[in-house]
Amino acid sequence: MDMASQYNISKQRGSCADYNANNSWYFNGDNGIINNNNRYNGNFRSRPALDYGGYDNTNLDTYPIPLHEWLILCIQTAKGKMGKPSCVFFHLNRIHELIQLCHEINNCEVMPREGTAHIIFEPRIREIVCAHFASRIKQTFFISSLKHILEKFYHPDSYSCRVGKGGLKGILQLQEYIFEASNGYTEDVWIAKVDLKAFFMSIDCFQTTKIFEKLIDEGMPDGDRKEILKYLTRVIYLAATKDHIKDMARPEERSLLDPIKSIYNQPYYQGVPIGDWGSQTAGLVITTFALNYLTSLGYTFIHYTDDTVVVVRDKRRWLEDVERLARYYEQNFGLCLHPQKRYLQHYSKGVEALGYKLRFNRILPSDRIGHNLQWYVERIVRNAENNANYAILHKDKILATINSYLGFLRWCNAYRLRKWVCDQIIESPIGKVLMADKNYTKVTIRRMYTDKFYYHQEFKNLKQQLKSAA
């Protein structure tokens, strides 16, 4: 039996299927048979969504996941994204959308929502998929419900998309591993880096679904919530993403993208879209098996998404073990270590990882971060010199970008770079609008150019006009 038959997946991509241990209702897309809503029909075992949309709103609080829980999930999902178009459009009709989502998921009749695909060029060219906001809420529920299971399953030295982890924690841990392995920087130690080729586009969605179902079966008690999570596993990873996204990239932009890095060029049920929380979680789960294998070989390392930085004491042994690791990825998950992204260097030369450059006990920004920051500052200064209104029109965007860089640099030994950035801004025409604090850790908008001051002045002028008219 092939994988498609095993999961009873129809040829009509995105067809809804009610997965329940007691009610196995499936839409039969192979022969197109659509019967009535009789759950006990033994001939075809199919239940089309004939009454889709005709839900009874009086039972919203009796569902396994009631409406008030979806409202909390909506607030959590919208955090930091209130300015995004998909979030804005969803909130224009939020209650209706949440009621519909509550019915769909509790009844296991989820209909795919259309997302958008974009091409970005920084820090490098790649395809990003922006899911519909309703799909983001669905993923928030799925991942947060499995959080306690996944945190026990993850490798402790995996640092991406986890609470209490992150790039800074990872580089600090790597610094500690190097110090211990080199006996206080007195012995030779090498740093190896490996990268997976087209990682997200090479993930097997069937295999990922089986792994998640096994984790759910082993870690959750029986009940309606467990069955809904198993159903959502199929919806998230077997929904044929490329049939439900709208391509927003121009043809000339897409021609610059490597075909192996686009979801459109992958076979059905292979590859997950970059940009989804569910995709990041799938990557974490799959790489955990390989990280456990690497630990069994006796290595210490840090891992972030698909990048692994390994502390090596014996170079010759590592050259053999890296081939073992490559075979493990290929045989078990169909993944390939990138042949051109294998790095091995003495720790004293400095190692770049996760946007940082580690050199003995100093943590510096990577060369790429430094060059990108310098290029950005020089560009906005040049634009401000050529256009007198540039700083006023783009003050919010400049503020967010500069503070993002400065917030990153404050954790590095980069005082001179922070000072240079702030000096360049203050001494340019942008300095009339922005100012820096004394420690060069952030910039702020001068009071007379803030939105609050502007509206206060407009209100004051309006009061004077009304007073004069009276």
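**Legends to close-up views of the predicted model**

**Figure 1. Contacts across the protein chain.** In the protein chain, 67% of the contacts between residues at least 6 apart in sequence join residues at least 24 apart. The coordinates shown are those of a predicted model. The secondary structure of the chain consists of 16 helices and 12 strands.

**Figure 2. Surface and interior of the protein chain.** The chain has 470 residues, of which 46% count as buried.

**Figure 3. Packing of helix α5 against helix α7.** Helix α5 spans residues 133-153 and helix α7 spans residues 205-219; their axes lie 11 Å apart and form an angle of about 80°. Because angles of 65 to 115 degrees count as roughly perpendicular, α5 and α7 are assigned to that class. On the α5 side, the contact is made by F142, L146, H148, I149, L150 and F153. The α7 side contributes F212, L215, I216 and G219. Classified by residue type, the contact of α5 with α7 comprises 8 nonpolar and 2 polar residues, with no charged residues.

Figure 4. K226 belongs to helix α8, which covers residues 224-237. The relative accessibility of K226 is 7%; buried means under 20%, and K226 therefore counts as buried. When residues up to four places away in sequence are not counted, K226 touches I216, D217, M220 and P221. One of these residues, I216, is also among the α7 residues that make the contact with α5.

Note on methods: Residues numbered from 1 in each chain as written. Predicted model: local features only at pLDDT ≥ 70, side-chain atom pairs only at ≥ 80, totals over all residues. Heavy atoms only, no water. Helix = DSSP H or I, 4+ residues; strand = E, 2+ residues; numbered from the N terminus. Buried < 20%, exposed > 50% of the residue type's maximum accessible area, 1.4 Å probe, protein only. Contact = heavy atoms within 4.5 Å. Axes fitted to C-alpha atoms, helices over the stretch in contact; angles between N-to-C directions. Parallel < 35°, antiparallel > 145°, perpendicular 65-115°, else oblique. Nonpolar A, V, L, I, M, F, W, Y, C, P; charged D, E, K, R; others polar.
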